[in-house]
Amino acid sequence: MNLQGRQASACLDHRLALLLIFISDALRKILLILVFLPLLAALGWWYYHERRLTDLGPSYREYAYVTNGKSNTVTVIDLRTFQPAKTIRVGIEPTGVAANPKRNEVYVVNSGSGTVSVIDAERNTLVATISTQSKPFFMSISEDGKHGYVANSESNSVSVIDLERRTVRDSIHVGVAPGLASISPDGSTLVVSNRGDDTLSLVDAQSSKLRSTLSACHHPEDIAILPDNSKAFVACSGSAQVAVIDLKSAKLLALLDVGKTPVNLALKPDGGELIVSNFDSDNISVIETNTNEVSGSYLIGTHPSQGVISSDNSRLYVSNFGSNTVSVYDVDSGKVIASVPVGSHPDALALSRSENYLLVLDSQSGDVTVIQKRKPKKLEPSEYSLLTMIPVGVQPNNIVVKSFMVSTH
């Protein structure tokens with residue numbers, strides 16, 4: 001081989017060596033990616049992910065029940081796994097859902113069919129249907145779990161349901177277009193907000209007799225009753241006010257000016273303060289329940305819709321219907337400490353039993369966003385983050401959580 005040929009061969013060998021080195025480096029990088037990326041992902045998941053619900057044994061159950069207004073169904077979510085467990089067909093246009101505090105039962109109010117569906121929570125099956133009257137929306141349950149109260153908006157009445165016998169015990173005539181009937185904690189007084197004639201009905205729950213009818217303010221809707229059964233607070237969405245009622249004397253104590261379109265009342269568990277969500281003012285108002293005074297108003301988000309307060313009275317969670325977020329408000333400091341993006345048009349809220357998880361019902365996108373509360377870490381200082389989103393039915397409108405131990409017999 002001549003000199004030129006030897007030079008060409010050497011050049012080719014050099015190029016082949018460089019190519020082999022390049023391929024070897026590429027393979028090593030690919031191997032590193034294939035091996036270490038999953039490892040890093042696993043470490044990241046371990047670092048950021050909070051442990052789910054505490055294992056309370058094989059008999060423990062915790063479910064969320066979501067009413068789907070346009071699907072005529074209830075979606076059952078298993079809160080041990082955050083997965084849909086079942087879809088139960090109920091009546092027409094379900095709007096309200098309530099859990100019995102003493103029995104493993106859940107009740108669904110069907111506005112379109114004028115019925116209440118009874119769900120056995122242990123088996124998650126429909127076990128009874130109770131007829132009420134025309135256009136019921138919501139249901140409240142006595143603390144002893146024996147009676148349910150349903151306001152029938154087109155019948156101007158309240159149905160009193162015997163939950164043990166699953167029958168309507170009484171029908172009480174009240175004002176025009178009642179929207180909500182709330183029972184006091186001691187089971188003695190029923191407060192009914194009548195949207196059609198701007199009145200409140202006070203009913204003796206023991207005798208099912210009307211005690212008094214009070215002129216209140218324009219479009220009374222949501223109701224909160226103090227734990228000591230002394231007073232009721234009623235949000236009047238049409239007049240930007242909250243009415244304060246003395247339940248013993250059946251008298252109107254005060255009309256408190258709040259923001260525009262107050263739609264929801266969230267009472268601290270200790271009863272000391274009441275938080276009002278003012279839908280068209282984008283703020284909340286704080287009412288001191290002892291003095292019947294508004295202590296302040298705070299910007300919270302666009303069109304605040306619903307609020308729920310933690311059992312230790314420290315945190316308020318508010319769904320912002322217009323900005324697709326949930327605001328976390330520190331009650332002691334009076335400040336918004338977090339804003340978490342959720343689905344479209346968030347509305348109803350519910351906390352898990354541990355209160356480490358907030359369930360947000362997204363009414364337009366048809367899902368439930370789960371927000372987890374966790375201990376802040378160096379790499380992730382935020383106390384709140386999105387855990388998952390769970391699809392439900394069409395136009396979901398209400399949610400309740402039920403936890404219990406399965407019966408052994």
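Mentor: We can begin with a sheet. β16, β17, β18 and β19 form an open sheet in that order, and the pairing is antiparallel. Bear in mind that this is a predicted model.

Trainee: What makes β16 and β19 the edge strands?

Mentor: Each of them, β16 (220-225) and β19 (251-257), pairs on one side only. Neighbouring strands of this sheet are turned by 25 degrees against each other on average, direction ignored.

Trainee: What holds paired strands together in general?

Mentor: Strands of a sheet pair through backbone hydrogen bonds, either parallel or antiparallel.

Trainee: Which strands form the open sheet that includes β5 and β6?

Mentor: That sheet has four strands in the order β4-β5-β6-β7, with antiparallel pairing. Its edge strands are β4 (94-99) and β7 (125-131), each pairing on one side only.

Trainee: How many bridges join β5 to β6?

Mentor: Six bridges join β5 (residues 105-110) to β6 (residues 115-120), and the two run antiparallel. Val109 has Val116 as its bridge partner in β6.

Trainee: Is Ser208 buried or exposed?

Mentor: Buried means under 20% relative accessible area. Ser208 has 11% relative accessibility, so Ser208 counts as buried.

Trainee: Where is Ala240, and what is its phi?

Mentor: Ala240 is in the loop between β17 (231-236) and β18. Its phi is positive, about 55 degrees, although Ala240 is not a glycine.

Trainee: Which residues have the most contacts inside the largest nonpolar core?

Mentor: The largest nonpolar core has 17 residues, and those with the most contacts inside it are Ile77, Leu359 and Ile399. Elements that give two or more residues to this core include β1 (60-68), β29 (357-362) and β32 (396-405). β29 gives the most, with three residues.

Trainee: Which residues does Ile77 touch?

Mentor: Leaving out residues up to four places away in sequence, Ile77 touches a set of residues, among them Tyr63, Val66, Phe82, Val368 and Ile390. Apart from this core lies another, of 16 residues, among them Val191, Leu202, Ile245 and Leu247.

Trainee: Why are nonpolar side chains found together like this in general?

Mentor: In soluble globular proteins, nonpolar side chains tend to be buried together.

Trainee: How many aromatic pairs does the structure hold?

Mentor: The structure holds seven aromatic pairs. In one of them, the ring centres of Tyr63 and Phe404 are 6.3 Å apart and the planes are at 45 degrees.

Trainee: Why is the pair of Tyr63 and Phe404 called tilted?

Mentor: Ring centres within 6.5 Å make a pair; planes under 30 degrees apart count as stacked, over 60 as edge-to-face and the rest as tilted. An angle of 45 degrees falls in the rest, so this pair is tilted. Tyr63 lies in strand β1 and Phe404 in strand β32, so the pair ties together parts that are 341 residues apart in sequence.

Trainee: Are Tyr63 and Phe404 buried or exposed?

Mentor: Tyr63, at 8% relative accessibility, counts as buried, and so does Phe404, at 6%. Tyr63, Tyr65 and Phe404 form one aromatic cluster.

Trainee: What makes the pair of Tyr298 and Tyr329 tilted?

Mentor: Their ring centres are 5.8 Å apart and their planes are at 50 degrees, so this pair is tilted. Tyr298 is partly exposed, with a relative accessible area of 30%, whereas Tyr329, at 3%, counts as buried.

Trainee: Where is the pLDDT below 50?

Mentor: The protein chain averages a pLDDT of 91, and 85% of the residues score at least 70. Over residues 39-48, the pLDDT is below 50. Where pLDDT is low, the predicted coordinates should not be read in detail.

Definitions and conventions:
Residues numbered from 1 in each chain as written. Predicted model: local features only at pLDDT ≥ 70, side-chain atom pairs only at ≥ 80, totals over all residues. Heavy atoms only, no water. Pairing = 2+ DSSP bridges. Core = buried A, V, L, I, M, F, W, Y, C linked by side-chain atoms within 4.5 Å. Buried < 20%, exposed > 50% of the residue type's maximum accessible area, 1.4 Å probe, protein only. Contact = heavy atoms within 4.5 Å. Phe/Tyr/Trp six-rings, centres within 6.5 Å; stacked < 30°, edge-to-face > 60°. Axes fitted to C-alpha atoms, helices over the stretch in contact; angles between N-to-C directions. pLDDT = per-residue confidence, 0-100.
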